[in-house]
Amino acid sequence: MAEAEIVAAAPAGRLPSLEATRRTGGTALWIVLFLAPFIALYAGFTLWPLLATVAYSLFDWDGIRPLSHFIGLGNYQKIAADPVFWKAFTNTLIFAVLNTIIKLPPALVLAIVLTRKWLWLKRIFRTVFFVPVILPVSVAGLIFTYLLNPSNGSLNAVLRGVGLVHQPIDLLGHDNTALMALVLISVWQVFGQYLIYWMAALQNVPDDLYEVAEIDGSGEWSKLRHITLPMIRPMAVIITLLALVNALHVFGLVVTLTSGGPGRSTYVMSYFIYTEAFSQIPYKYGYASAAALLFGVLALIFVTTQGFFARKAEILRRAYGV
Amino acid sequence: MKGFATPPFLRRLGNLGALGGMFVVMACGGKPAAAPTQTSAQPVTLKISDYSPEQKDFHKQVADQYHTEHPNVTIEWNSIAQAQYNQTMPLAFESHQAPDIFFWKSDLNPVLTMSYLFDQGWIRPLGKEGAVPPDWQKRWPDGMFVEGVNVKGGKVYGFPFTDNKIWGPGYFYWNKSLFKAAGLDENKAPSTWNELAQDCAAIKSKEPDKFCAAVPLKGTDPQRWWFNLAGSIMTDQPFFDLKSGRFDLNDPRLLKAFGYLQSLYKSGYVAPGVNDKDFSRQQVAAGQAAMYMDGAWMPGVWAQQGFDSSKYGVAAMPYPDDAPRGGLAQRYSENKYWLSSQSTHPQEAWELIQWMTQPDGFFAQGYLKGGFGTLAYANNQKYLTDPAMQQVIRVGTTKGFRALDPEPLLKCPDLTKSKALSDASALHPNWEWETITDAIVNNKNFATTAKEVADARQKVLTEELDKEKASGLKVSLDCYTFADWNYNQDFDVSKYTKQ
């Protein structure tokens, strides 16, 4: 069979095997060449630190002296019995879950609104919502430190001015409100980012599906339920798990707003690791490495889960024929 | 497993990227330390590192002046924030990029700074192999060069920089205009806890929109008030009692100090919020709060914020009305600048140190006039012209205000090799501050958690000391116990019985 015939007989979208083999062989060198920088950086700044962290976690090490005091699983045993670690672990999970639950649905609703053809000033709205994302975390922390301060913060001034409260409320100063306040501030900051993600997902839905639905007489709600939501499901899985994983890394806001307090009510994993590793000399690199590794395992579980759900969602999308 | 040998370059790489890539990355490499050179007229660049960024302008003046006097020497003085500094210095030494002179003070046990640095191999002796001119040592009062603290094997490695009598916590500051507005004598500070509470009541009643006290509670900042209250009734040694050799957060006297602080909070006298020290200081400077307690450095801090010393008063911290007075601790811990083992110009660096420590020299005068602190080798009274700083000196030099604490290291020299106390203190490093803040703002039972903290640390201390003793070190809990000493009396140096 001639090569032209093979190409013609191949299903649309797939290269014939002969062509594929030839091209692959011809470009293998280039692939390796282009991948080399990434592989080198990945090995140096991801793989090696990961392996080093595993090694350090088995030592009682201050990060400076020779790596000589091997203690096996000693750090892990200590961590398992450390209530502060578990407090930080629990807080991190609560933070990540609440943060995700609170930020994603409103961001989706807003993204749907902002992708409507009839809406004016879309770009301005997008910019407004995206501005907090580009603010450094430290600046966001400072803004809210002053905004929420019970002595002279604007929030209390307003609440007292309209007579809603008589005594100043200290959202960051009580153990039952501090974590929630952090969650809300974090949502405020990253909301625009997830708005953009949702908009990107929505723009992937083919317009012709909506056109067909309109011909069939479907309303907006029906289109949302039966077209939009099912079609963006694969992206939704990825966005949700990205949101969760990103929220697990909360650190800057905790440092700038609460320093883990009051007490330990806003201790999160990154802050725990930082405190153990760096707050006093001799540093506890070994112990902090073990905590970091356990934390890494948690994040890995989320990432792995992401793949599973994403595949399931993709199958569903294919079932829709797109 | 003993002697796990990691190739140095791997360990260095590991340092850069460890802990999941979260931590600070610093450039590696650089030239290995060359053999020390002698003084010459060749151009020399001396690098100095510390964490006093507020002194940057002064450091530039020092560098310019020194260059004028020594045209072949250029000083590069690098001052960064403390947290960043503590992380980068180990990496600087690890990558052979250490400065010639550097600032270091151990937070856990300042007195053990030299032995820690010696252990790391970061320092070299001053002068010619540790032999310093006698007239140089005479710049300090007698008894300031102590074996184990800044002298090792007869060689001098460090020198007291900040003085240890005036410098430290123990000072009460008040905003005069708020005192006046409340009908109080603007020139009279409360001298007892009850007087302070009464003044607060007056301020609250006359100035309902203002606050009596600004008490920072964020992170480790509760120490600003805590050391003063603890020193007034017992000791400000950070949570360790040298009379009993015990971690002491649950000592009845400290529980009483806490109870007093909590009572101020409950009475609504304290500005609300878990604020940091900068915020609290600004509240006093801005006239939102009347009282603040902190250290001798406040006049310098407030001068930078434009809060003139005529607008506030300085006094000793108030004492409890119905309990014996405690004492603030005077320690052998003010050795701060060290000569780096990696310096390629140790002779020039040593000459610079001698120049810096001239009692009437350019450095001392500029440092004192800048209000950055009090120096151990200079006439502070002469050059600290700020009225508030003059008052700080008067308070600080009052007899009994600060007493010389016993030094366990002088009783048990093997403590330089011991990690027991530092391991015990490093167990959740900020635990005491977190407990204090939590109990205050959430109105929790402090005694129970205080006991939990003290017991946990004591357990580590005792166990580690036992292990070290079994390994041959002459250390025990007795090294940390000075039962005959009183908190507000100088410890009699002749009472050290070495173990």
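How many helices and strands are there in chain B? Chain B has 19 helices and 14 strands. Both kinds of element are DSSP runs numbered from the N terminus: helices are H or I with at least four residues, strands are E with at least two. This is a predicted model, in which local features need pLDDT of at least 70, side-chain atom pairs count only at pLDDT 80 or more, and totals for chains, interfaces and linings use all residues. Residues are numbered from 1 along each chain as its sequence is written, while chains are lettered from A and ligands numbered from 1 in the order in which they are written.

**Overall form of the chains**

- Chain A comes to 14 helices and zero strands.
- Chain A has a radius of gyration of 26 Å, well over the 20 Å that the globule rule gives for 322 residues, so chain A is more spread out than a compact globule.
- The radius of gyration is taken over C-alpha atoms, and the globule rule is 2.2 Å times the number of residues to the power 0.38.
- Along the principal axes, the C-alpha atoms of chain A fill a box of roughly 75 × 65 × 30 Å.
- For the 499 residues of chain B, a compact globule would have a radius of gyration near 23 Å; the chain has 24 Å, which agrees.
- The C-alpha trace of chain B spans about 70 × 55 × 50 Å along its principal axes.

**Domains of chain B**

- Chain B is divided into domain 1 (41–163 + 335–375), domain 2 (169–330) and domain 3 (408–430 + 450–495).
- These bounds come from an automatic or database domain assignment.
- Domain 2 and domain 3 of chain B have C-alpha centres 30 Å apart.
- Their contact takes 17 residues from domain 2 and 15 residues from domain 3.
- Two residues are in contact if their C-beta atoms, placed from the backbone, lie within 7 Å.
- On the side of domain 2 that touches domain 3, five residues are nonpolar, eight polar and four charged.
- Here Ala, Val, Leu, Ile, Met, Phe, Trp, Tyr, Cys and Pro count as nonpolar, Asp, Glu, Lys and Arg as charged, and the others, Gly among them, as polar.

**Sheet E2-E1-E3-E13 of chain B**

- This open sheet has four strands in the order E2-E1-E3-E13, with mixed pairing.
- Two strands pair if DSSP finds at least two bridges between them.
- Strand E2 (73–79) and strand E13 (337–339) are the edges, each pairing on one side only.
- E1(B) and E2(B) pair in the parallel sense over seven bridges.
- In E2(B), B:Glu76 is the bridge partner of B:Lys47.
- Strand E1 (residues 44–50) and strand E3 (residues 101–103) of chain B run parallel, joined by two bridges.
- B:Phe102 in E3(B) is the bridge partner of B:Ser49.

**Sheet E7-E10-E6-E11 of chain B**

- A further open sheet of four strands has the order E7-E10-E6-E11, also with mixed pairing.
- Its edge strands are E7 (211–213) and E11 (312–316), and each pairs on one side only.
- The twist averages 25 degrees from one strand to the next.
- Axes are lines fitted to C-alpha atoms, for helices over the stretch in contact, and angles run from 0 to 180 degrees between N-to-C directions.
- Strand E6 (residues 169–175) and E11(B) pair in the antiparallel sense over five bridges.
- B:Tyr312 in E11(B) is the bridge partner of B:Asn175.
- Helix H10 (residues 277–285) of chain B lies across E6 and strand E10 (289–295), running at about 135 degrees to E10(B).
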